[in-house]
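Please examine the structure below with its strands and charged side chains in mind. The paragraphs that follow lead from the surface to the pairing of strands and then to the salt bridges.

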Amino acid sequence: AASDVYKRQGSAHAPSTDLFRYLDEAELAGDFQQALTELDLRGKNDLDLNIKVPLSKGDVRVKGQLALLDNQLNIDSWGLQVDNITGLLNFTENSFDASNIHASFNKRDVIVNVATSFPENSESRTRIRAQSSADIASLIKPKSEGLAMQFSGDTPFEVLIDIPDKSASSLTITSPLVGTELKFPHPLDKQAKDKLDFRLHTGFSGEAAEHIELSLGKRLSALIVVDPDTHLLTSTYAHFGSDHAVRALKPGELVIGGRLDLLDIDAWKRWYRKNQQAFSKQEGNTTFTSFITDIQVERLKYSRWQVEDFHVKAASGKNFWDAELGGKGVAGKAEFRAEQSNMMLDVELEHLALNKINEDAVFEEGEVSEASRLIPSDLPAANINIDRITYDGRELGELVIATDAAASRYKINKMLLTTEESSLSIKGDWKYVVDENSNK
């Protein structure tokens, strides 16, 4: 009967903080209590509200419409601010619905849509979608200034805030990156005109926000774990290629896996020197204590030489590096140890196939060769044994090298290249002297 229901209808002019209080207390689809800790909405709104309260049994029914009047939304953990939010937001006791709410981000237009769904076989959820265009760097910079510097140029993007009923809320940024240049070395470089699907996914709040998933098309997928308080990196897994393999990470671990068609050592070293300061500025206290590599390389390029088709599986820490190599280009083991000022390199290879690159080494303006900077203390003592070495397909035989290193002196005790017909033996002593006029 009509008398069994109490009805109330009204309107009000209310601040946005009252909306957040309602979201916190109402039984809406989605865990808004956790998600709201990351949001700060300010402004004024016009509210129309209808409430039906059963006088006996039954649920309270709520139907309302909120007119957003020039609001401002801040997401503090990402350092993002959305201004001039206007539009109509419809809601019930357990759902939201809104189309074409308008806002601005970095003076660019933003369109926001909100919808609540109730799937039969999964938990209900509310999704907030925002579409705009901007420099992706502005979205990434609050989390990593160094990473943001690798993106340049405006591109369309979409932000999705997913608020499930029981699971952790999440934030996903997607973009085709058309209009954005990527400044990484190969295979992560990209011209602005090219398309490359970008996706960043992370928890929106709580412990889930410590994990950031990043992908660039089929070129790279990565898992980045950050400290929730300092936002410093604690561990990272980067996988090159499309065959992504999930891996559990330990604190302080950096893992690189997958497959590379080209690994240009010189290009990556130049990139690192250029960006080292930007990364260390924000991630300065980040310390990886363990490095693990498990990667297939089709071609490794270094200076004027290259090695083709090999697999490297390596582990390293503060004072050691161990590697197993196998394939057409190189096979064997290598170990590096460092204790105080003493460094030792042990290499045992079954074969090494070096090929000359028919091009001049490329140096940027003001850059000089790495070799010109070397002094004896930079080099480890070494024991190197290569059973079979080839150069541009020519058999060179067996190579044995034994050296000693000191702060100002590097001594080649033995360098012996042996074939079936002949042998070549070399010994040498490099002394490094510093005086007021020169370094020798």
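Predicted model: local features only at pLDDT ≥ 70, side-chain atom pairs only at ≥ 80, totals over all residues.

The largest contribution comes from strand β23, residues 342–356, which supplies three residues to the patch. With a relative accessibility of 35%, E398 is classed as partly exposed.

The pairing of strands may be considered next. Strand β5 (residues 96–105) runs antiparallel to strand β6 (residues 108–117), and seven bridges join them. One example is A103, whose bridge partner in β6 is V110. The hairpin of β5 and β6 has two residues between the strands, and N106 there adopts a positive phi near 55°. Strand β6 also pairs with strand β7 (residues 125–135), again in the antiparallel sense and over seven bridges. Here S117 has R125 of β7 as its bridge partner.

Elsewhere, three strands make an open sheet in the order β8-β11-β12, with antiparallel pairing. Its edge strands, β8 (151–152) and β12 (189–190), each pair on one side only. Two bridges connect β8 to strand β11, residues 181–183, and F151 has L182 in β11 as its bridge partner.

The salt bridges complete the picture. Side chains of opposite charge can pair when their charged atoms come close. Eleven salt bridges are found in the whole structure. In one of them, D162 meets R127 at 3.8 Å, N to O. This pair links distant parts of the chain, since D162 belongs to strand β9 (residues 154–164) and R127 to strand β7, 35 residues apart. D162 counts as buried because its relative accessibility is 9%, whereas R127, at 30%, is partly exposed. Both residues also take part, together with R125, in a network of salt bridges.

A further salt bridge joins D322 and R337, whose closest N and O atoms are 2.7 Å apart. Because D322 lies in strand β21 (residues 320–327) and R337 in strand β22 (residues 330–339), the pair ties together parts 15 residues apart in sequence. D322 is partly exposed at 26% relative accessibility, and R337 is partly exposed at 34%.

Finally, E213 and R199 form a salt bridge of 3.9 Å, N to O. E213 is in strand β14 (residues 211–216) and R199 in strand β13 (residues 198–203), 14 residues apart.

Definitions and conventions. Residues numbered from 1 in each chain as written. Heavy atoms only, no water. Helix = DSSP H or I, 4+ residues; strand = E, 2+ residues; numbered from the N terminus. Buried < 20%, exposed > 50% of the residue type's maximum accessible area, 1.4 Å probe, protein only. Pairing = 2+ DSSP bridges. Salt bridge = Lys/Arg side-chain N within 4 Å of Asp/Glu carboxyl O.
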